[in-house]
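Reader: I have a structure open and would like to learn how to read it. Could we take one feature at a time?

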Amino acid sequence: MRVREARPEDAEAMSAVLVASITELCCDDHGGRPEALAEWTADKTPEDMRRWLAKASDRLFVAEEGDGEIVGVGGFNAGGEVTLNYVAPSARFRGVSRAMLATLEDRMRASGITEARLDSTTTARRFYLESGWREGEGASARFCNVRCRTMTKRLD
Ligand SMILES: CC(C)(COP(=O)(O)OP(=O)(O)OC[C@H]1O[C@@H](n2cnc3c(N)ncnc32)[C@H](O)[C@@H]1OP(=O)(O)O)[C@@H](O)C(=O)NCCC(=O)NCCS
């Protein structure tokens with residue numbers, strides 16, 4: 001498995017990974033509520049991916065297995081925010097998100113970002129805490145009617 005910059009031709013697979021990951025893995029967040037799930041996945045279509053890839057302020061990456069299958073999608077923006085970090089359900093707990101996060105942190109550091117932030121799902125909370133991210137006290141955000149936890153990490 002390797003992590004590389006995403007390309008426009010990855011858009012369909014990226015969309016499929018994001019929708020499956022949110023739907024199947026983030027159950028503690030959306031609780032199976034159709035409206036939360038619909039809102040969360042609404043901007044994850046292949047067309048959205050192509051639009052996102054064209055934005056100068058954002059960088060998107062995919063984790064790819066040896067046979068070219070895309071099993072993870074991640075990204076960050078110029079403001080130092082991790083915007084995406086999702087694994088395909090079939091590739092869960094095989095180091096994909098860890099490798100993706102390491103790449104995102106490296107690339108942010110290389111871009112001169114010294115303080116990174118993200119809004120963590122409840123699903124990924126332990127993963128980020130164990131990856132050296134810190135939760136602001138009482139800090140939480142709402143995203144698609146889902147409660148997220150704002151986390152930060154110094155990158156220098
Ligand atoms: C939890 C999740 C992020 C872990 O990523 P992964 O690619 O499946 O797994 P990795 O092998 O890269 O990471 C494993 C680490 O996750 C953590 N972890 C293990 N089980 C976990 C669980 N049930 N819940 C949360 N974190 C867990 C541990 O730190 C583990 O490290 P260890 O194996 O050294 O103990 C992923 O499975 C997931 O559910 N993603 C859903 C999408 C999401 O919520 N993304 C975050 C958006 S902000």
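Reader: Which residues come nearest to the ligand?

Author: Bear in mind that this is a predicted model. There are 21 residues around the ligand, and Ser97, Arg98, Thr121, Ala124 and Glu130 come nearest.

Reader: Which elements supply at least two residues of that shell?

Author: Look at where the shell residues sit along the chain. Helices α1 (11-25), α5 (96-110) and α6 (125-129) each supply at least two, and so do strands β4 (82-87) and β5 (115-120).

Reader: What is the make-up of the shell by class?

Author: Sort the residues into nonpolar, polar and charged. Here the shell around the ligand has nine nonpolar, seven polar and five charged residues.

Reader: How do the side chains of β5 point?

Author: Go along the strand and note the face for each residue. In β5 the side chains alternate. Ala116, Leu118 and Ser120 point to one face and are buried.

Reader: Which strand pairs with β5, and in what sense?

Author: Strand β7 (residues 146-154) pairs with β5 in the antiparallel sense, over six bridges. One point to check on screen is Leu118, whose bridge partner in β7 is Met151.

Reader: How many bridges join β3 to β4?

Author: Five bridges join β4 to strand β3 (residues 70-77), and the two run antiparallel. Within this pair, Phe76 stands opposite Val82 in β4.

Reader: Where is Arg7, and is it buried or exposed?

Author: Arg7 is in the loop between β1 and α1. Arg7 has 11 other C-beta atoms within 10 Å, so it is exposed. Arg7 and Leu53 are 46 residues apart in sequence, yet their C-alpha atoms are 7.3 Å apart in space.

Reader: What is there to note about the phi of Phe93?

Author: Most residues other than glycine have a negative phi. Phe93 is not glycine, and its phi is positive, near 60°. Phe93 lies in the loop between β4 and α5. With 9 other C-beta atoms within 10 Å, Phe93 is exposed.

Reader: How does the radius of gyration of the protein compare with that of a compact globule?

Author: For 156 residues, a compact globule would have a radius of gyration near 15 Å; the protein has 15 Å, so the two agree. Along the principal axes, the C-alpha atoms fill a box of roughly 40 × 40 × 30 Å. Buried residues make up 33% of the 156 residues.

Reader: How many helices and strands does the protein have?

Author: Six helices and seven strands. From the N terminus on, the elements run β-α-α-α-α-β-β-β-α-β-α-β-β.

Terms used:
Residues numbered from 1 in each chain as written. Predicted model: local features only at pLDDT ≥ 70, side-chain atom pairs only at ≥ 80, totals over all residues. Near = placed C-beta within 6 Å. Helix = DSSP H or I, 4+ residues; strand = E, 2+ residues; numbered from the N terminus. Nonpolar A, V, L, I, M, F, W, Y, C, P; charged D, E, K, R; others polar. Buried ≥ 20, exposed ≤ 12 C-beta atoms within 10 Å, placed from the backbone. Pairing = 2+ DSSP bridges. Rg over C-alpha atoms; globule rule 2.2 N^0.38 Å.
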